[in-house]
Amino acid sequence: MNIAVEIGAYGIKVAIQNNGKVEMVKLGDSLLPYIIPSLAYVAKSGQIIFGNLAELCDINNGERIFLSEIMPSDNKTEEIYEKLFAFIKDLIVSSYKQSVSNVTMIVPPYFQSVDPRKKVMREAWMHNGIYNLDFISSDVSTCYRKLNLSNNESALVFDIGYNGTVISVVRRDKNVFRSIANKYIKGIGGRVFCNMIYSDIEEQSKLQYDSFAQIIQVQIIDRVSRIIMESLSSKENVVTSVPFADYIYFITREEFNGMINKPLEESLNECLDCIKDSGNSMSGIKKILLTGGCSQIPYIEKILKLFFNTGNSEKIDIIAPKSTEDALFAACKGAFTVQQTSSLKF
């Protein structure tokens with residue numbers, strides 16, 4: 001069986017190609033069945049726990065590691081990858097009663113052709129008995145899935161995740177999409193947006209922390225903040241009680257937009273720099289593709305349209321995801337298209 005794996009800033013996603021169809025693998029719980037957080041918890045005992053369970057672990061007895069940020073220089077990197085891939089492989093075998101034969105790792109466009117992280121991933125898969133492994137850049141994979149570029153046309157990909165935002169330019173040369181420039185902006189994404197809501201809840205509710213239960217309090221309020229952020233994508237306002245406080249929290253979408261406006265405006269200048277680095281001018285960008293776990297926030301599409309299309313006679317087509325699933329899984333589903341239509345190996 002062929003599988004595609006993406007360790008994104010927002011979460012870990014896995015797709016399979018089964019009987020000619022592409023489907024996402026259930027990794028998480030009933031709330032988020034097809035995704036688990038890109039998080040590993042390494043206890044002092046050495047035990048490694050992934051995903052939803054890792055979020056609940058007591059940080060005082062170990063270390064939380066965000067997998068999208070892990071580097072080969074970290075002591076536990078190789079072991080973490082080996083156990084993560086073993087978890088994925090075992091889940092596929094138990095769920096589909098088939099063995100894994102080929103793996104495509106979807107990696108960020110800022111990974112270099114020779115990147116030490118790719119070497120560690122390859123060795124971790126080999127440790128699990130998988131020797132057929134390809135790497136595909138996430139922006140290329142998503143473009144294959146979502147865009148119909150003409151030959152020599154370029155697109156800007158705005159991938160806003162949980163821990164950061166990746167901006168890249170992809171160009172089509174004949175039948176091959178190539179990633180030709182990219183920038184990674186750490187700190188513009190869902191984690192920062194959730195922290196803004198968290199701070200607002202903390203200030204308004206006058207939240208008091210219990211010395212014995214503070215970690216649990218923080219985890220629960222953090223989860224509430226994420227739910228509020230996601231709810232504001234479809235609602236004009238959210239009203240909710242605050243755990244551990246006698247307070248009803250109220251926030252409008254307009255207030256949330258005001259919170260996130262400044263970091264988003266800063267990211268727009270990075271877009272211009274990335275276009276310049278690619279050798280394109282603004283007129284050379286034919287489409288803008290918005291993707292990533294936080295791309296469902298309506299204000300992000302709005303601010304891109306205002307920035308790129310205000311006063312321009314020739315409008316750039318800004319393509320936003322139709323659903324959260326569309327935003328999160330485009331790269332995984334596009335990976336199989338790349339393999340079938342191109343000899344590209346990233």
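The lining of the largest pocket divides by class into 11 nonpolar, 5 polar and 7 charged residues. Nonpolar here means Ala, Val, Leu, Ile, Met, Phe, Trp, Tyr, Cys and Pro; charged means Asp, Glu, Lys and Arg; the others, Gly among them, are polar. The model is predicted: local features need pLDDT of at least 70, side-chain atom pairs count only at pLDDT 80 or more, and totals for chains, interfaces and linings use all residues. Residues are numbered from 1 along each chain as its sequence is written, and side-chain values use heavy atoms, without hydrogens and water.

A pocket is an open set of points on a 1 Å grid over the protein atoms alone, where a 1.4 Å probe fits, with protein on both sides within 12 Å along at least five of seven lines; lining residues have an atom within 4 Å of a point. Points are joined across faces, edges and corners, and the volume is the space filled by probe spheres set on them.

| Pocket | Volume | Lining classes |
|---|---|---|
| Largest | about 630 Å³ | 11 nonpolar, 5 polar, 7 charged |

The largest pocket has a volume of about 630 Å³. It is lined by 23 residues, and Glu 55, Tyr 162, Gln 219, Asp 222 and Arg 226 are the closest to its centre. Helix α6 gives the largest share of this lining, 7 residues. At least two residues each come from α1 (51–56), β6 (62–66), α5 (190–205) and α6 (214–231). Helices (H or I, at least four residues) and strands (E, at least two) are DSSP runs, numbered from the N terminus.

Of its 20 lining residues, Tyr 10, Leu 31, Leu 32, Glu 230 and Thr 324 are the closest to its centre. Here α6 gives the most, 5 residues. Both α6 and α9 (324–341) supply at least two.
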